[in-house]
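I opened the model to see how its parts are put together. My notes follow in the order I took them.

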Amino acid sequence: MKATSTRLSFLSSLKKRKGLLIIITAALLLEFLSGTQYYFTHCLLEKELELRAESELTMKAILIKSNLNDAEEVLNLSMWKIQAHLNVPDSTYITMRRLVSFSPLIQGVGIAFEPYYYPQKGKWFEVYARRNANGEVETVQIGGPEHDYTQRDFYRQAFASERGSWIDPYFDNEGAKGLIPSYVRPVFDRTNTAVAVASIDVSLERLTDTIDNRHIYPSSFILVLTEDGKPVLGPSEERISRATTEFVMQLINDSTVTRQPSRSGRSKVIHFDTDPRDGTVFYANMKGQPHWQIAVVCYDDEVFASLNKLRVLMLLLLLLAFGVLLFLVWRFARDEKLLQQKILEQERTDGELRIASNIQRTLLPEDESLPRISDVQIEGRLIPAKAVGGDLYNVFERDGKLFFCIGDVSGKGVPAAIIMAITQALFRNIASHSHHPAHIMEQMNEASCRNNKENIFVTLFVGVLDLPTGRLRYCNAGHEIPIITSTITKTITSSLPLDAKPNLPIGLFNDFKYEMQETTMQPGDTLFLYTDGLTEARNIRRELFGRERVMRLMETCDTTDAKAFVDNIVMKVQRFADGAEQSDDLTLLAIRYTPKEEKLILNESLTLHNDVKEVTTLSAFIKEVLARLEIGKPLAPKLRLALEEAVVNVMEYAYPTGTKGEVGIRVTSDGQQLKFIITDSGISFNPTEVATADTTLSAEERPVGGLGILLVRELMDSINYERTNGKNVLTLLKNVKIIKCKNE
Amino acid sequence: MMETRIEQLQDKFLVTLEGELDTAAAAEVEQTLQPLFDSQGKDVIIDCEKLEYIASSGLRILISILKGAKAGGSKVVLKSLSDDIKDVFKLTGFISLFEFE
């Protein structure tokens, strides 16, 4: 068993390993596929990033430019007005104010005149209109010796070019009071002489507003720098920290930082890896004035957010797939294991059947062990079914009687076989101490009821045939009623079921009272016993053999020989079955009573009283008889002793103390067997069932009785006891060949 | 018919059994051999040369003598037992209980 379970586990582990291998390969493939997909998706997203970033740059640049253009236009378009009112210096205040009010985009507008242009105004005259903190427009004249604008770059630059230009944001304490981009242009009078410089300051706030809404990625921001890297526009400090903005600025300005052109070539790309977020900066130059740089910053975690989500999803799916595969493999392995177990079980059951049939075969009386007695022909046959059924039978001879039984254990297989074995042993044991079928049955019943939790019962028929007389005592326990066949002539037989009460099978109720019944077998009669394997044999049309058929069979069968008889029945059953499978054990037991007619060459009798003193007479009698038979030492004294012991036993125990009684002694010989027949009409006493003395005990341990019977048993070949017509008849038998007998 | 003689010596008993010790004779023989049932430490030598036959009742007498002798620490010796009677002793297991000469 151990070997097969190791084999089983090895096989299953092999399959598991195969399965695992498949799973691992599948997992690796999936991982590889997902990796490839990830890579491609990543590339895709990078491309997408670039597209988006560059279009953002373009769009925001356009927005900025358009705002700047608007400011430019405002100033340019107002030139004619300014020109027209040049002669009225104070009108500039109004004009300036109106220009500022034009659009919230305009932070301030100013006009700075050439020195002494308006003599009444002095050397410096710069009118500046601006929005203050409250949003109101205020106009001031900011020119003065502290603020000599003629020395300033903006003034000089404007005069240098004939057109307007944007100047880098500078910190203007006086005018805008902040870092602002300005558009400056010369103002021409009617003679086309430059007389002043007009400037328009764009509100950085407003500009920032236009670009700091709608971000391509949640944390993305736009940065606008001057050509030489000074900050112009940036995200609000609430959104993006100053440190971050400065960091990015630094990246762009630091020439040691590696940058690459984008795929399209329209921008430059800087990758930065910083804790905690890595990202990319795309920047490009804005075309035309004021030649600013515009940059957009995108963080990787946002760019690839969807990819990361996808990755997690893929991982989960992978795990799920892995789990499903594992489950399938486990299921497969388990099914395999179940299948293996089923196969093992089947093998076990087959093994059990083999064991059961072996038990049965071993315990059945072999042909050699069937008693060979001249007075009976015995033929037993047990044909087991495939699923061993638990039929049993047993025959043995003891003290001139034939003890036999036939039975059927309920159930099949090994448990039935074991009970069958036990029942056989019980019968042999109990029947060697008692010749009373009811007593035997009761004791067997009691033993069978003990420790019988499964309530396995056995139908049983027990019989005791007294060979000298043909007296058949029997007891039935739920078994098929045997049939007794009498041969009237060679061709005419009569079959009758035995008059047997059904009673109950043994093993059910341990206090059931079994009754003995008796009949007498005539010379030539056959007692036929069988199990339900005969009556319930089926053919392929599912018809039963049945008791009727058995009865009819008995009548047509030749019963002159037990063996031929059984063979015939077996043949008829098998012919009836016609190939149908045998469902139950088939057991047949035929016992034919064939007592030899006694032709006596000696027949002497003697009657004594129950007084041991008369043993002297007995001794003289037997000595004389033995001498006539020419039986000398060493046999003669032995025969004498056996006879004396048996007779003394009867004398001492047959009659109640003090009562006078007779003891009859008869000596017969038919030339083969010498018989001593001792008769008395005392109380029913069976000396064969008295325990014989134990010869191994020491002197002190020896009980008083039992020696006599021991000697009788040892010295004679068999003892037979019968109670007939109120008399005890004890027959001692010795096989002695007598050639001749001297007559008296 | 049985003849039984006892001779009591200093240190042992000498017994002679002659004839057939069947059940009929047993009672009388038992009575005669009664003193031997308690041999008081003396060995009992039984001459069986002329003992032709013994039945179970006779065997019982011998057992009683043996029990008494053993209790007293002495032994019982059976002399010149015939083969037939030896067979009987074998059948009953007595062969291992007594000493033989």
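I began with A:N503, which counts as buried because 21 C-beta neighbours lie inside 10 Å. My cut-offs: a residue is buried if 20 or more other C-beta atoms, placed from the backbone, lie within 10 Å of its own, exposed if 12 or fewer, and partly exposed in between. A:N503 is in the loop between β19 (493-497) and β20 of chain A. Its phi is near 50°, a positive value in a residue other than glycine. Helices (H or I, at least four residues) and strands (E, at least two) are DSSP runs, numbered from the N terminus.

The model is predicted: local features need pLDDT of at least 70, side-chain atom pairs count only at pLDDT 80 or more, and totals for chains, interfaces and linings use all residues. Residues are numbered from 1 along each chain as its sequence is written, while chains are lettered from A and ligands numbered from 1 in the order in which they are written.

**Backbone, continued.** I found a phi near 50° at A:D399 too, again positive in a residue other than glycine. A:D399 sits in the loop between β14 and β15 of chain A. It is buried, because 22 other C-beta atoms lie within 10 Å. I also noted a cis peptide bond between A:K633 and A:P634, with omega about 0°. A:P634 lies in the loop between α14 and α15 of chain A.

**Sheet.** I traced an open sheet of 5 strands in chain A, in the order β14-β15-β16-β17-β20, with antiparallel pairing. Two strands pair if DSSP finds at least two bridges between them. β14 (391-398) and β20 (517-520) of chain A are the edge strands, each pairing on one side only. β14(A) and β15 (residues 401-409) of chain A run antiparallel and are joined by 8 bridges. I picked out A:V395, whose bridge partner in β15(A) is A:F404.

**Helix α9.** I listed the buried residues of α9(A), among them A:I419, A:M420, A:L426 and A:F427. The buried residues of α9(A) pack against α8 (305-363), β14, β15, α10 (437-449) and β16 (458-466) of chain A.

**Cores.** I looked up the largest nonpolar core, which has 65 residues. Such a core is a set of buried Ala, Val, Leu, Ile, Met, Phe, Trp, Tyr and Cys residues joined through C-beta atoms within 7 Å. Those with the most contacts inside this core are A:A642, A:A646, A:V647, A:V712 and B:I65. Helix α15 (residues 635-653) of chain A gives the largest share, 9 residues. A second, separate core of 63 residues includes A:L402, A:I419, A:C475 and A:A537. Leaving aside neighbours within four places in sequence, A:V647 is in contact with A:L618, A:V663, A:I665 and A:I678. Contact here puts the C-beta atoms, placed from the backbone, within 7 Å.

**Chain A against chain B.** I counted 23 residues from chain A and 18 residues from chain B in the contact. On the chain A side, α14 (615-628), α15 and α16 (707-715) each supply at least two residues.

Terms used:
Two residues are in contact if their C-beta atoms, placed from the backbone, lie within 7 Å.
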